[in-house]
Amino acid sequence: MQKVRTALIAGGSGLVGGHCLQLLLKSDRYSQVISVGRRELPLIHPKLEQLVVDFDDLKPAAPDMVADDVFCCLGTTIKKAGSKEAFYKVDHTYVVELARVTAAKGATQFLVVSSMGANAHAMIFYNKVKGQMEQDVQQLGLETVHIFRPSLLLGEREETRSGEEIASKVMLPLSNLMVGPLKKYKPIAGETVAQAMLQAASLNQHGVYIHPSDEIARLGTQL
Ligand SMILES: NC(=O)c1ccc[n+]([C@@H]2O[C@H](COP(=O)([O-])OP(=O)(O)OC[C@H]3O[C@@H](n4cnc5c(N)ncnc54)[C@H](OP(=O)(O)O)[C@@H]3O)[C@@H](O)[C@H]2O)c1
């Protein structure tokens, strides 16, 4: 019989993270779920422990951040963050710090949502930050790292994002034409990404795995 594990999730108030949190609470694989965020979520569940943290300084919360599998769904946009520096802090620094602190506390698996196009040497700032984040997480010596690189995310959010809405309207009608090598450009539901994260965690693999969007879609249907 498999050991029952503890999951830690950051970004549980977001699109992918919200689905991920719900799946973790339902999963028999996890007896405890620790949600780490900058604000408390309006959610009570016998398995759920909430930690309200300052991502600029995780040290005070670190003793409570003990988990086997860590699911990181943090992220923002340059527009929402207000500057490139503020965006970098959330999408790079907070993610790498979360990985560092949880690894030091014994986490073995780190699963993180990056993005299609992530590349540390990219000209596009967003892709470069995601690529640097991926590289820096891999340096931490975790037993298992799963990196998810979804295409445009689909799903309901509290806020409206005009750029993403326009992109969805343009890409959705083309979606059925995206076959073969184009499959990885197909928009993907935030829920499917969350399903893929839980499925990947359940495989108990060792090493670094990078999942492009078409692979995420395939993994997600296996949960
Ligand atoms: N949108 C797309 O089409 C797309 C495509 C490819 C990849 N991605 C990536 O996929 C990941 C998940 O995206 P998503 O759409 O699910 O994200 P989301 O709905 O915007 O949620 C982001 C999460 O990050 C937290 N967060 C943001 N800024 C923060 C800050 N300054 N301090 C602490 N927490 C902060 C949010 O917490 P609060 O609720 O407290 O703000 C929320 O829990 C992101 O890394 C994103 O870059 C997105």
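The sulfur of C20 lies 4.4 Å from that of C73, the closest cysteine sulfur, and this is too far for a bond. A disulfide is taken here as a pair of cysteine sulfur atoms within 2.5 Å, and by that rule the count comes to zero disulfides.

The model is a predicted one, in which local features need pLDDT of at least 70 and side-chain atom pairs count only at pLDDT 80 or more, while totals for chains, interfaces and linings use all residues. Residues are numbered from 1 along each chain as its sequence is written, and side-chain values use heavy atoms, with hydrogens and water left out.

Salt bridges, each defined as a side-chain nitrogen of Lys or Arg within 4 Å of a carboxyl oxygen of Asp or Glu, come to seven in this model. One of them joins R5 to D69, with the closest N and O atoms 2.6 Å apart. This pair links distant parts of the chain, since R5 belongs to strand β1 (residues 5-10) and D69 to strand β4 (residues 69-72), 64 residues apart; helices (H or I, at least four residues) and strands (E, at least two) are DSSP runs, numbered from the N terminus. Both R5 and D69 are buried.

The side chains of K89 and D56 meet at 3.3 Å, N to O, and because K89 lies in helix α3 while D56 lies in the loop between β3 (48-52) and β4, the pair ties together parts that are 33 residues apart in sequence. K89 counts as partly exposed, at 34% relative accessibility. The side chains of K130 and D91 meet in a salt bridge at 2.6 Å, N to O; K130 lies in helix α4 and D91 in helix α3, so this pair ties together parts that are 39 residues apart in sequence. Both K130 and D91 are buried. Elsewhere, salt bridges that share partners join R5, R29 and D69 into one network.

Helix α3 itself runs over residues 84-104, and its 21 residues should span 30 Å at 1.5 Å a residue, which agrees with the 29 Å between its end C-alpha atoms; the expected span is 1.5 Å times one less than the number of residues.

Helix α4 (residues 125-138) holds Y126, which counts as partly exposed at 31% relative accessibility. Together with M123 and I124, Y126 makes a nonpolar surface patch of about 370 Å². Patches are made of residues with over 30% relative accessible area and no salt bridge, like charges being joined within 9 Å and nonpolar side chains (Val, Leu, Ile, Met, Phe, Trp, Tyr) within 5 Å, and accessible areas come from the Shrake-Rupley method with a 1.4 Å probe, only the protein chains shown counting as cover for residues.

Methods:
Buried < 20%, exposed > 50% of the residue type's maximum accessible area, 1.4 Å probe, protein only.
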